[in-house]
Amino acid sequence: MKIKSLFLISALVLLLTGCGNLDKGVTNVDNGGKNNGENMTTGRIDRSEYQAVINDGRYKTSAARELNATKLNSGYNQDNFETGLLRLSHQTFSPDKYFFQEGQKLDYDTIEKWLERNSDENNQGLNPADKSQPIIFQQLMEQDFLKEDGKTLAGMSLGFAFNSVYYGDDSQTQISRDELMANARKTINAILTRVRKMDGLKNIPIVVGIFEQASKEDINGGNYIYTAVSKNGDTTIADFKGVNESHLALPVAADAKNIATQDGMSTKFNSFQSAVQNFFPNLVGVTGEIYYVDEQAENLTITIETKYYSKTEITSFTQYVGKQVESIFDSVNGNVEVQINSVEGPQAFVAKKPEQKEIISYIFN
């Protein structure tokens with residue numbers, strides 16, 4: 001389990017205890033005109049995150065949830081696809097003004113038909129009918145944003161995932177950026193035309209994100225490369241804005257050059273790795289993932305794999321790790337999170353929030 005998942009779990013426990021407006025919770029809100037129960041929000045402990053609406057005491061999952069979980073070719077691509085679209089949505093739908101809800105308008109069957117090849121049996125398919133041509137349009141994801149009443153749809157975000165590599169039955173086809181974008185423009189305009197005809201979607205703002213899926217072997221996963229906003233019922237997008245984000249794995253290979261080697265993050269990680277490996281014997285491994293936006297480090301996640309240790313040993317180790325984070329990553333403005341795992345499961349985590357000196361740590365029982 002990645003440390004970001006741990007924060008989501010711990011945060012959710014706290015969030016579910018709160019309710020009220022954008023800070024106080026939504027109560028006595030009907031569901032589609034039926035006032036037969038209460039809608040509440042999760043509340044929030046981080047003002048940069050969205051509050052989600054809870055309907056009749058339950059979190060409302062996506063209408064295409066199963067498709068979202070299986071369509072991309074790796075967990076790295078899936079994580080980047082989901083979290084990246086939410087980040088792009090912040091620019092149009094502020095967490096201070098809108099509530100979040102998993103996509104409800106586009107169901108499993110609808111999206112699946114759109115993702116298939118065009119054929120006599122399925123004229124809704126947006127991939128080429130010719131099976132000698134690669135499938136480029138791989139996945140579509142919807143995220144919804146509600147007004148302060150907790151029920152009125154104010155806007156929507158659509159993430160479009162396109163392949164950079166197509167895996168056929170016995171071959172692989174590389175897809176150039178130009179070919180990808182030519183397909184993306186046509187696909188996005190076709191889907192906007194269809195979506196605008198759906199009930200309640202004619203005039204709402206729709207954020208569009210173009211995600212380039214990385215190959216199966218790429219442990220960094222893919223990235224969003226372009227975004228745009230469709231307003232006033234527009235069914236075509238002429239201009240897209242470039243997105244400058246990247247996900248990188250640490251340590252960086254000795255002969256590799258990237259932003260992490262240029263800004264010193266690779267050197268900082270190597271120092272941290274050496275320090276903890278020298279302190280505690282028999283560590284299985286120390287690895288990291290770093291996320292950049294506009295060449296600034298937004299989040300650094302480090303995973304330390306250990307053998308099982310006693311409570312006193314892991315307590316000492318956690319304190320040592322915290323001091324290393326404090327000294328080595330002091331100048332890092334983004335999140336720094338360290339998860340300490342063993343074969344028995346998570347043992348501890350350490351974190352430093354953006355622009356804060358204080359180190360947060362927790363040891364699991």
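At 32% relative accessibility, E326 comes out as partly exposed, a label for anything between buried (under 20% relative accessible area) and exposed (over 50%), using a 1.4 Å probe and protein chains only. E326 pairs up with K323 in a salt bridge, with the closest N and O atoms 2.6 Å apart; that term takes a side-chain nitrogen of Lys or Arg within 4 Å of a carboxyl oxygen of Asp or Glu. This is a predicted model, where local features need pLDDT of at least 70 and side-chain atom pairs count only at pLDDT 80 or more, while totals for chains, interfaces and linings use all residues. Residues are numbered from 1 along each chain as its sequence is written, and side-chain values use heavy atoms, leaving out hydrogens and water.

**Salt bridges**

- There are 4 salt bridges in the structure.
- E326 and K323 sit 3 residues apart in helix α8 (residues 311–328), about one turn of the helix; helices (H or I, at least four residues) and strands (E, at least two) are DSSP runs, numbered from the N terminus.
- D330 and K357 also meet through their side chains, at 2.8 Å from N to O.
- That pair links distant parts of the chain, 27 residues apart: D330 is in the loop between α8 and β15 (335–342), and K357 is in the loop between β16 (345–352) and β17 (359–363).
- D330 is partly exposed at 35% relative accessibility, while K357 is exposed at 57%.
- E245 bridges to R87, with the closest N and O atoms 3.4 Å apart.
- Here too the pair links distant parts of the chain, with E245 in strand β12 (residues 245–250) and R87 in helix α3 (residues 75–89), 158 residues apart.
- E245 is buried, at a relative accessible area of 7%.

**The nonpolar cores**

- The largest nonpolar core has 37 residues, and L140, L158, F160, I188, I191, V195 and I210 have the most contacts inside it; such a core is a set of buried Ala, Val, Leu, Ile, Met, Phe, Trp, Tyr and Cys residues joined through side-chain atoms within 4.5 Å.
- At least two of its residues come from each of α4 (108–115), β5 (137–146), β6 (153–163), α5 (177–195), β9 (206–213) and β10 (223–230).
- The top contributor is α5, with 7 residues.
- Another core lies apart from this one, with 32 residues, including V276, I302, F329 and V332.

**Two residues to look up: I210 and A184**

- Setting aside residues up to four places away in sequence, I210 touches a list of partners that includes F160, F162, A184, I188 and F240; contact means heavy atoms within 4.5 Å.
- A184 lies in helix α5 and is buried, with a relative accessible area of 0%.
- Beyond its neighbours within four places in sequence, A184 is in contact with F162 and I210.
- A184 and F162 are 22 residues apart along the chain, and their C-alpha atoms are separated by 7.5 Å.

**One side of α4**

- I111, W114 and L115 are buried in α4.
- They share a side of α4 because they cover an arc of only 100 degrees around the axis, taken from the directions from the helix axis to the C-beta atoms.
- The buried residues of α4 pack against α2 (65–70), β5 and α5.

**Out in a loop: S132**

- S132 is in the loop between α4 and β5 and counts as exposed at 59% relative accessibility.
- The C-alpha atoms of S132 and G168 are separated by 9.3 Å, the two residues being 36 apart along the chain.
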